[in-house]
Amino acid sequence: MADALAKIPDVEIDPEGTFKYILVRVKVKDGDVHKDIVRGTKSAEYHNHIFEKVNPAMEALGMECKCLGGGKIEHNSQEKKLRVFGESTAFGKADHSVSVEKLKTAFSNYEITCSDDKK
């Protein structure tokens, strides 16, 4: 089952724009092995809309999910910049430092910043 966990991408976000994101802990059902993933999209009006898509997809793989919080990501692909900020009303503020580390792995050639303002 840990192999299935390894196959789940750490990061799936929209290629451009400013959008909501959530930090999700995915773990093997009845197991201790887990990893945190970042998911974000402009199509989500609220943070829980992202979770409502991620959760069933992970359950289908035999995983269980817990949302650790949310925020926003500003993705500027032209300038190769990502900014993580804000919080989710429903889930609270994600640990942006964890999200930034995940993004650095997926976007190694980007400048990635984090700020705690709510804009």
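## How the strands are defined

Two strands pair if DSSP finds at least two bridges between them. Strands (E, at least two residues) and helices (H or I, at least four) are DSSP runs, numbered from the N terminus.

This is a predicted model, in which local features need pLDDT of at least 70, side-chain atom pairs count only at pLDDT 80 or more, and totals for chains, interfaces and linings use all residues. Residues are numbered from 1 along each chain as its sequence is written, and side-chain values use heavy atoms, leaving out hydrogens and water.

## Strand 2 and its partners

Let's start with strand 2 (residues 17–28), which runs antiparallel to strand 4 (residues 63–76) and is joined to it by 12 bridges. Here V24 sits opposite C67 of strand 4.

Strand 2 is also antiparallel to strand 3 (residues 34–41), with 8 bridges between them, and L23 faces V38 of strand 3. The hairpin of these two strands has 5 residues between them, and D30 there takes a positive phi near 60°.

Six strands make up an open sheet of mixed pairing, in the order 1-3-2-4-5-6. Strand 1 (11–13) and strand 6 (111–114) are at the edges with a single partner strand each, so one side of each has no neighbour in the sheet. On average, neighbouring strands are turned by 25° against each other, direction ignored; axes are lines fitted to C-alpha atoms, for helices over the stretch in contact, and angles run from 0 to 180 degrees between N-to-C directions.

Strand 1 pairs with strand 3 in the parallel sense over 3 bridges, with I13 partnered by G40 of strand 3.

## A helix on the sheet

Helix 2 (residues 47–60) packs on the sheet and touches strand 2, strand 3 and strand 4, where contact means heavy atoms within 4.5 Å. The direction of helix 2 makes about 135° with that of strand 4.
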